[in-house]
Each structure stands twice: as structure tokens, then as C-alpha cells.
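Dear colleague,

I am passing the structure below to you, together with an account of what was found in it. Please read the account with the structure open.

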Number of protein chains: 2
Amino acid sequence: MQNFTLHNPTRILFGQGRIADISREIPTGARVLVTYGGGSVVKTGTLAEVKSALKDFTVFEFAGIEPNPTYETLMQAIELARREQIDFLLAVGGGSVIDGTKFIAAAIPFSGDPWDILAKGAAIERAIPFGSVLTLPATGSEMNNFAVVSRRASSDKLAFSSPVVFPLFSVLDPSKTFTLPPRQVANGVVDAFVHVTEQYLTYPADAKVQDRFAEGLLLTLIEEGPRALQEPENYAVRANLMWTATLALNGLIGAGVPQDWATHMLGHELTALHGLDHAQTLAVLLPAMLQVCREEKREKLLQYADRIWGLREGNAEARINQAIEHTRQFFESLQVPTRLSDYGIGTEAISALMAQLERHGMVALGEHQDLDIARSQQVYEMAA
Amino acid sequence: MQNFTLHNPTRILFGQGRIADISREIPTGARVLVTYGGGSVVKTGTLAEVKSALKDFTVFEFAGIEPNPTYETLMQAIELARREQIDFLLAVGGGSVIDGTKFIAAAIPFSGDPWDILAKGAAIERAIPFGSVLTLPATGSEMNNFAVVSRRASSDKLAFSSPVVFPLFSVLDPSKTFTLPPRQVANGVVDAFVHVTEQYLTYPADAKVQDRFAEGLLLTLIEEGPRALQEPENYAVRANLMWTATLALNGLIGAGVPQDWATHMLGHELTALHGLDHAQTLAVLLPAMLQVCREEKREKLLQYADRIWGLREGNAEARINQAIEHTRQFFESLQVPTRLSDYGIGTEAISALMAQLERHGMVALGEHQDLDIARSQQVYEMAA
């Protein structure tokens with residue numbers, strides 16, 4: 001096991017009816033900016049429920065944080081928050097709204113150009129405290145301290161993290177996910193699945209607990225993902241999915257083990273240039289990545305084949321191939337296509353993706369930092 | 001899944017050499033009281049390493065916190081701390097030292113009689129901040145907010161918990177456990193194992209992740225426990241054991257599921273009256289408890305038989321019996337005897353144990369609160 005530091009101060013309020021409890025988590029007298037996305041939280045009544053819980057506070061609203069939240073939009077929220085002297089933020093939505101709210105929280109008191117937080121990794125001394133009400137299980141943003149923000153003007157999709165951007169609290173009410181469109185549910189399952197594999201499908205590090213926890217999350221996603229689509233109002237299924245997605249990226253399973261994240265980095269460029277959903281990029285790239293990196297990931301791929309897919313017959317190469325194929329079929333079974341061509345993207349698009357990777361310095365990716373530009377190109381080609 | 005609130009602010013510093021990092025975790029200028037036990041941390045050099053890391057602080061020491069820390073001893077530390085205006089505590093040792101330090105931390109600023117914290121569950125408003133350097137993986141106290149304290153004068157062994165007694169940080173350096181006596185290593189494995197079963201062997205609650213995490217911990221203990229005894233300086237084994245013991249009782253696997261804890265409650269009385277090690281009481285009582293409660297625990301016992309012990313043949317009753325027998329054999333394989341008679345305790349001792357249970361109000365235990373005095377007596381009798 002590698003040395004690690006683990007600290008996660010986010011308070012989780014899990015279960016039906018927990019939105020009512022948020023008023024106790026916010027400092028008395030706070031001026032609260034509620035941030036949300038495209039209006040589904042208005043339609044479903046979740047926003048009204050939140051506002052009712054906030055009746056003792058001065059509340060402002062900022063709507064319109066888009067999927068893959070943009071710097072341009074978030075800067076408007078930052079202006080509003082500074083103008084109105086906001087001292088607490090409450091994100092109501094999925095990972096994009098929470099990610100965007102982390103950036104707002106960090107940028108409000110930031111004295112320089114907020115873009116430097118993303119582009120130059122500028123140090124963040126403090127952030128406005130914030131909470132979240134999660135409506136879409138997927139990214140884990142509700143219990144971690146990183147965020148991804150896009151800039152339309154330059155086709156950038158960049159991440160930042162800081163110890164000061166953990167949510168103070170997050171409400172996880174599975175019943176708030178009943179009305180999600182199937183595509184978002186499926187995307188969430190794929191996203192959580194690949195969050196786990198980025199921390200699990202690397203090389204052995206004598207970390208038995210982390211491995212078994214990762215496997216527990218994968219098995220739960222495989223069991224509950226399809227059921228979530230078939231039985232959208234099954235509370236138990238949604239509860240398992242929601243908690244799994246949070247645990248997939250809250251620091252726990254990644255503590256003390258090598259991490260990869262190359263699939264995510266290559267995926268960000270696909271979203272930036274072609275607008276694919278984040279999870280679609282992962283579904284396309286993971287099977288290709290595992291093929292390209294099968295030698296360095298060999299031992300963990302065999303463990304994955306055994307413990308996740310029950311593959312114990314045949315030679316090692318065949319089991320690895322089958323495990324990758326099962327992974328692809330799982331994504332396809334959720335109606336998330338796994339080939340670039342399924343999204344109308346041909347091989348002629350690859351050179352522009354490579355240029356983006358180089359521009360963003362993504363030239364030594366993976367747990368061994370040995371996924372260079374040439375091998376990244378192989379991944380895109382294998383995903384064709 | 002049941003509704004739950006989960007919040008664990010303890011910062012874990014895991015790995016070799018991490019004691020050197022504690023000075024960054026303690027407020028500058030703090031007057032630090034280092035608490036420890038019987039001197040093994042002196043012999044092994046761990047205390048010297050801690051003091052070297054604290055060279056920029058004003059440091060006091062309090063030695064002599066015993067296994068099953070006593071109120072009488074801890075009151076001396078509280079007097080010292082008040083007299084010397086201590087504003088930070090650092091526990092160096094195992095669960096007893098950390099539990100004792102939690103009580104010291106809560107009692108220092110407590111205005112009433114500190115005994116009320118234990119005996120009357122008096123509310124604790126605040127506590128002196130404290131950290132820990134763990135030398136014995138077992139209790140999970142390094143990452144949770146409860147503690148058990150004994151009072152010699154009255155043969156009481158009582159617990160308390162509070163949101164203000166989470167350690168600020170805990171150092172988990174597996175190499176500091178190499179020199180532990182085999183009995184303490186074995187006790188730690190049994191203790192962690194039963195911490196898991198108290199949160200797992202109850203009734204199904206549609207909590208797939210919690211179940212799989214619990215199973216991952218049990219499987220790791222079964223694999224690594226015997227190896228820890230055979231290869232005391234195997235770092236990987238000790239690392240897995242140490243992290244497993246912490247995760248067994250840090251709130252994670254118990255969130256959203258029913259919990260039992262009857263084995264612990266009955267065990268406390270065995271320690272109070274007969275001086276058995278805490279883990280010895282658990283090894284004696286768990287197999288008996290599972291037999292007495294096999295009907296209400298039936299579904300989870302069958303899952304346990306399948307997923308932990310691979311028992312898939314024969315009828316359900318036989319599989320449950322085998323699973324309980326495997327559990328007993330596992331404890332015995334660690335040289336922890338599993339019968340009261342192995343400790344020289346005969347059935348004539350049971351009536352005094354029952355009187356203690358009644359005196360402590362332990363008359364409706366277990367996940368269904370249906371383990372009454374008569375059934376507790378059955379457990380003691382079955383453990384004879």
C-alpha cells in the first residue's frame with residue numbers, strides 16, 4: 001500500500017426527506033445563493049422544496065449552469081455573488097452544477113483573474129462555504145474537492161482541486177432521482193463505473209481493502225444500473241446507485257493505490273471538440289484504453305475478469321479480452337454506445353484531438369505516465 | 001437503505017514515516033499533553049519519535065493509561081491537563097489510550113462531574129482538540145467519536161460518544177505494529193472482525209454497498225490475520241490489517257444499516273467482572289450469539305456463509321452451523337480461545353453477569369431490541 005493522506009469533511013445527509021434538514025447546516029443569517037441548471041429542478045419541485053427549507057435565510061438564485069459548466073456562465077454567478085455579498089452557496093443539481101459551484105465558491109474571494117485557477121493552477125487560500133442537494137448520481141462531486149470547468153471561447157475543459165472546496169454538506173435523497181431521463185441515469189452509471197476503474201485497473205499495490213471496495217462498487221453498478229432503468233421508482237435501487245456513485249470518487253478507494261485517469265483526459269477532449277456527454281466519452285474510450293494498456297494492467301485485468309465477471313476458464317489473454325468485451329456490453333446494455341462511429345465521429349477527427357491533448361500537456365498519462373501521444377492516438381483509433 | 005447522516009472529519013496520515021508530519025497538524029504554540037500506556041511505546045522508540053516531531057511545542061506526558069482505561073487513572077490526567085493549561089492532546093498507543101484520551105479531552109472543559117459523561121450521558125459542548133498515533137490496529141477509535149471507559153470502584157464499563165471527540169488527525173504507520181506481542185495482534189483481528197459483524201450480521205436492508213464493504217473487510221481479516229502472526233514484519237500485511245481495522249468502525253459500513261452490538265455489551269460485563277481482554281470476550285460470545293439469534297439473522301447468516309466462507313452445499317441450517325463453526329475456528333486459529341471454560345469461567349459465574357446487565361439497563365439488546373435478559377443468559381450459557 002502506498003502512503004496516503006485521507007481527509008473528507010463533507011457531511012452526508014442521506015435519505016428521503018433530508019432536504020428539510022439543510023437549514024440546520026447553514027450559518028444563521030447567511031445570504032444564500034442557490035445555483036442550478038436548466039430548470040428540471042424547477043419542474044420536479046426540488047427547487048421549491050429547497051427554498052421552503054431556506055425560508056429563514058436571504059435567498060438569491062442563479063440558474064443556467066449547463067452540463068460541462070462553462071467559465072463564461074460561472075463568471076456571471078461570481079459577479080452576482082460579489083455584488084450581493086453572498087456568504088453561502090447551495091448547489092441543487094448534478095455534478096455539473098456542483099462542479100460549477102465549487103469554482104464560484106473559490107473565485108468569489110480570489111483576488112487575481114479566476115481563469116488562473118483553472119489554467120495555471122493558481123493557489124486558492126479560501127472559498128465561500130457551500131452545500132449541495134444532489135439530483136443526479138454520477139460524478140461524486142458532492143463528496144470530493146475537485147471540479148471540471150469548460151471554456152467555450154477556447155474549447156478548454158480543465159480541472160482544479162483544493163482542500164477548501166469540499167461541500168460542507170450534501171443531501172442525497174434517492175427519491176429525487178426518480179424523474180431523471182434514462183440517458184442521464186445511464187450516463188451516471190457509466191461515469192461511476194469508470195471512476196472506479198481509473199483507481200482500480202492499474203497495477204497491484206498490496207491494497208486488499210481498496211481492491212475489494214472497488215469491486216463492491218463495480219458489482220453494485222452492474223446489478224443496479226440496468227434495474228434503475230427498468231424500475232425508475234425503485235427506491236432501494238436508486239439508493240444503492242446514489243451511494244455507490246458518491247463512494248466511487250470521494251477519495252476512499254483511491255487512497256494508497258496508483259491511479260490512472262487517462263480515459264478521463266482523452267474523454268475531455270472529445271467533449272470539448274464534439275460535445276459528447278462526459279459518460280459517452282468514457283464508454284467509448286475505456287474498452288479501447290484497456291486494450292492498448294493491457295500489458296501494464298495485466299494482473300489487475302485478470303483480477304477484474306475473475307472477481308467482477310466470474311471469468312475463470314480459458315487462457316489469460318482470452319479472459320482479458322472477455323472482460324473488456326463484457327465491459328463494453330455492459331455500457332451498451334445501458335444504451336450508451338461504445339464506438340466513436342456511433343456518434344458520427346470518423347478517424348479524420350483524431351488529429352485535432354491529438355493537437356488538443358498536446359496543447360493541454362497531456363503527453364504522459366496513466367498510472368505509469370507512459371501513455372504518450374502516440375499511444376493516446378492508438379486509443380482513439382481503437383475506439384473508432 | 002435506512003436514512004443516515006455520515007460525517008467523519010478525522011484526517012488520516014497513513015504510511016511509514018508519517019509521525020514526522022504531525023507538527024503541521026497541531027496549532028502553533030500549543031501546549032501538548034502526550035498520553036500513553038504501559039511503556040511499550042517507550043521501548044519501541046515510538047514515543048521518542050513522537051517527541052522529536054513535537055520539538056517546537058511545549059510537551060507534557062501522562063503515562064499509565066491501562067487496557068480498558070479507568071476513570072480513576074484518567075481523572076489524574078484531567079487534573080494535570082487543567083493545571084498545566086493543556087490545549088492539545090496526543091494519544092500514542094492503541095484503542096485504550098485513544099479512548100481514554102477522548103474522555104480526557106471531553107472532561108477538561110466539562111463543568112460538572114466528569115463521571116456524568118459516562119453514567120448519565122451528559123451533553124458535551126466541546127472538547128480539547130487531539131490527535132493520535134496508532135500503534136495497535138483493533139478498535140477503530142483512531143477514526144471515530146466514541147470511547148469506552150471503566151470504573152474500577154464500581155466494576156462499570158461504559159461508553160460515550162460525541163461529535164466533538166473525533167481525533168483531528170491519526171497517524172497510521174504499519175511498521176509501528178511490527179513489535180506487537182502476538183496476543184495483541186490476534187486480539188486486534190478478532191476485535192475488528194466482530195466490529196464488522198455487529199454491523200453486518202443483522203437483517204437485510206437493501207444496502208448492497210455496505211454489505212460488500214463489510215464482506216471485503218472480513219475477507220481481508222481472514223487472509224491477513226494469520227499472516228500477520230506468521231510474518232510480523234511483513235509491511236503489506238500489517239498495512240492491510242491496520243487500514244481494515246480502522247474502516248471496520250469509522251461509521252462507513254454502519255451507515256444506513258441496522259446494527260446489533262449485543263456481543264459487545266455482553267462482553268463488557270465479562271471484562272468488568274473477570275478481566276478478559278475485550279477481544280477474548282468477543283471471540284467467546286460471537287459464536288454463541290449467532291446460534292441464539294440464528295432465526296432473526298437467518299438471511300444475513302446465509303449470505304455470510306456464501307460470500308465469506310464459500311458454503312454453498314447442503315441445506316440452509318447446515319450452512320449456518322458451518323459458518324458459525326468456521327468463525328469459531330478462525331478465532332481459535334489466531335490462538336484466541338472461544339469458550340468461557342477456556343478462561344476458567346464456569347456457569348456459576350453467569351448469575352453475576354446477568355445482574356450486571358440488568359444494572360446497566362442492557363435488557364433489550366440487538367438490532368431488534370429483542371435480546372432480553374433471558375436470551376442473554378442463553379448466550380452466556382451457550383458460551384460455557
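I begin with Glu332(A), which has its place in helix α12 (residues 316-333) of chain A; helices (H or I, at least four residues) and strands (E, at least two) are DSSP runs, numbered from the N terminus. Glu332(A) is partly exposed, since 14 other C-beta atoms lie within 10 Å. On this scale a residue is buried if 20 or more other C-beta atoms lie within 10 Å of its own, exposed if 12 or fewer, and partly exposed in between, with C-beta atoms placed from the backbone. Beyond its neighbours within four places in sequence, Glu332(A) is in contact with Pro337(A) and Thr338(A), where contact means that the C-beta atoms of two residues, placed from the backbone, lie within 7 Å. Ala283(A) is 49 residues from Glu332(A) in sequence, and the two are 8.4 Å apart in space, C-alpha to C-alpha.

Two points on provenance belong here. The model is predicted, so local features need pLDDT of at least 70 and side-chain atom pairs count only at pLDDT 80 or more, while totals for chains, interfaces and linings use all residues. Residues are numbered from 1 along each chain as its sequence is written, and chains are lettered from A and ligands numbered from 1 in the order in which they are written.

The two chains

The interface brings 32 residues of chain A into contact with 32 residues of chain B. On the side of chain A, the elements that give two or more residues are β1 (4-14), α7 (208-230) and α8 (235-247). The largest share, 10 residues, comes from α7(A). By type, the residues on this side of chain A are 15 nonpolar, 10 polar and seven charged; Ala, Val, Leu, Ile, Met, Phe, Trp, Tyr, Cys and Pro count as nonpolar, Asp, Glu, Lys and Arg as charged, and the others, Gly among them, as polar.

Strand β1(A) is joined to strand β1 (residues 4-14) of chain B by seven bridges, and the two run antiparallel. Within this pairing, Leu6(A) has Ile12(B) as its bridge partner. Two strands are said to pair if DSSP finds at least two bridges between them.

The sheet

Which strands make up the open sheet, and in what order? There are 12 strands with mixed pairing, in the order β3(A)-β2(A)-β4(A)-β5(A)-β8(A)-β1(A)-β1(B)-β8(B)-β5(B)-β4(B)-β2(B)-β3(B). At the edges stand β3 (58-62) of chain A and β3 (58-62) of chain B, each with a single partner strand, so one side of each is left without a neighbour in the sheet. Inside the sheet, strand β5 (residues 130-134) of chain A pairs in the parallel sense with strand β8 (residues 169-172) of chain A over four bridges. There the bridge partner of Gly131(A) is Phe169(A).

A hairpin in chain A

Strands β6 (residues 146-151) and β7 (residues 156-161) of chain A pair in the antiparallel sense over six bridges. Phe146(A) has Ser161(A) as its bridge partner in β7(A). Four residues lie between the strands of this hairpin, in which Ser155(A) takes a positive phi near 50 degrees.

Further positive phi values

Most residues other than glycine have a negative phi. Trp261(A), although not a glycine, has a positive phi of about 75 degrees. Trp261(A) lies in the loop between α8 and α9 (262-274) of chain A and is partly exposed, because 18 other C-beta atoms lie within 10 Å. In chain B, Gln335(B) has a positive phi near 70 degrees. Gln335(B) lies in the loop between α12 (316-333) and α13 (350-359) of chain B and is exposed, because 12 other C-beta atoms lie within 10 Å.

Domains of chain A

Chain A is divided into domain 1 (11-176) and domain 2 (182-382), with bounds that come from an automatic or database domain assignment. Their centres, taken over C-alpha atoms, are separated by 26 Å. The contact takes 17 residues from domain 1 of chain A and 23 residues from domain 2 of chain A. On the side of domain 1 of chain A, these residues divide into seven nonpolar, seven polar and three charged.

With kind regards
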